[in-house]
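Hi everyone, thanks for coming. I'd like to walk you through one structure today, so let me put it up on the screen.

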Amino acid sequence: MNRLFRHIAAAVALLTLIAAALACSNDDGCQGNRSSIPLAGFYSSQSGSKIQVDSISVFGIGMKGDTMIVDHARLIDRVYLPLNVADTLSRFVVRYDALSLAAFNLADTISVTYKPIPYFHSEDCGAMYLFDIVDYSTTNVLIDSISFSTMHIDNANNENVRIFFRTQEEDVEQ
């Protein structure tokens with residue numbers, strides 16, 4: 001009986017040590033992304049398949065500070081489009097920097113109207129903004145259209161926006 005008691009006491013002590021070690025780990029209790037930033041993926045308007053876009057720059061219009069999001073990026077298939085929490089409209093310029101297009105100074109503008117919603121997540125994570133998308137539009141130089149997969153942007157690290165670019169179609173014999 002005394003031997004059984006020692007085994008139970010040892011097991012309880014071991015479980016207590018494991019629980020204490022897990023409770024004192026470096027994790028501050030806040031899992032995942034702490035910012036609600038829409039992630040836009042690039043797609044072909046002809047095929048609907050994911051594409052990489054060569055030599056583009058993306059920057060915000062009318063935002064304080066450094067608004068350059070990507071500068072002469074090569075072969076990218078997505079970009080984050082941070083919304084301005086101090087406003088209800090954010091606009092982004094997509095400039096085409098490829099040598100074959102740069103001389104024409106081509107660019108599209110994406111406009112997103114939204115409602116910023118302050119949100120207290122937890123003591124560990126603190127507060128953040130969520131966004132309800134009200135409306136969106138784009139010019140149609142090389143962007144055919146855009147779509148949102150959800151009209152509520154939270155801190156989940158998911159693709160929320162699809163940007164459909166006009167891509168070169170293969171010649172079809174007639």
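**Salt bridges and a sheet**

Let's start with a charged pair: Arg78 and Asp77 join their side chains in a salt bridge, at 3.7 Å from N to O. Please keep in mind that this is a predicted model. Arg78 is partly exposed, at 47% relative accessibility, and Asp77 is partly exposed too, at 23%.

Now to the sheet. It is open, with four strands in the order E4-E1-E10-E8 and mixed pairing. Strand E4 (78-80) and strand E8 (143-148) are at the edges with a single partner strand each, so one side of each has no neighbour in the sheet. From one strand to the next, the twist averages 25°. E8 and strand E10, residues 159-165, run antiparallel and are joined by five bridges. If you look at Ile146, its bridge partner in E10 is Ile163.

Asp144 and Arg166 form a salt bridge through their side chains, 3.9 Å from N to O. Asp144 sits in strand E8 and Arg166 in the segment after E10, so this pair ties together parts 22 residues apart in sequence.

And which parts of the chain does the pair of Lys50 and Glu159 link? Their side chains meet at 3.1 Å, N to O, in a salt bridge. Lys50 is in the loop between strand E1 (39-44) and strand E2 (56-61), while Glu159 is in strand E10, 109 residues apart. In total, the structure has six salt bridges.

Conventions: Residues are numbered from 1 along each chain as its sequence is written. This is a predicted model: local features need pLDDT of at least 70, side-chain atom pairs count only at pLDDT 80 or more; totals for chains, interfaces and linings use all residues. Side-chain values use heavy atoms; hydrogens and water are left out. Two strands pair if DSSP finds at least two bridges between them. Helices (H or I, at least four residues) and strands (E, at least two) are DSSP runs, numbered from the N terminus. Axes are lines fitted to C-alpha atoms, for helices over the stretch in contact, and angles run from 0 to 180 degrees between N-to-C directions. A salt bridge is a side-chain nitrogen of Lys or Arg within 4 Å of a carboxyl oxygen of Asp or Glu. Buried means under 20% relative accessible area, exposed over 50%, partly exposed in between (1.4 Å probe, protein chains only).
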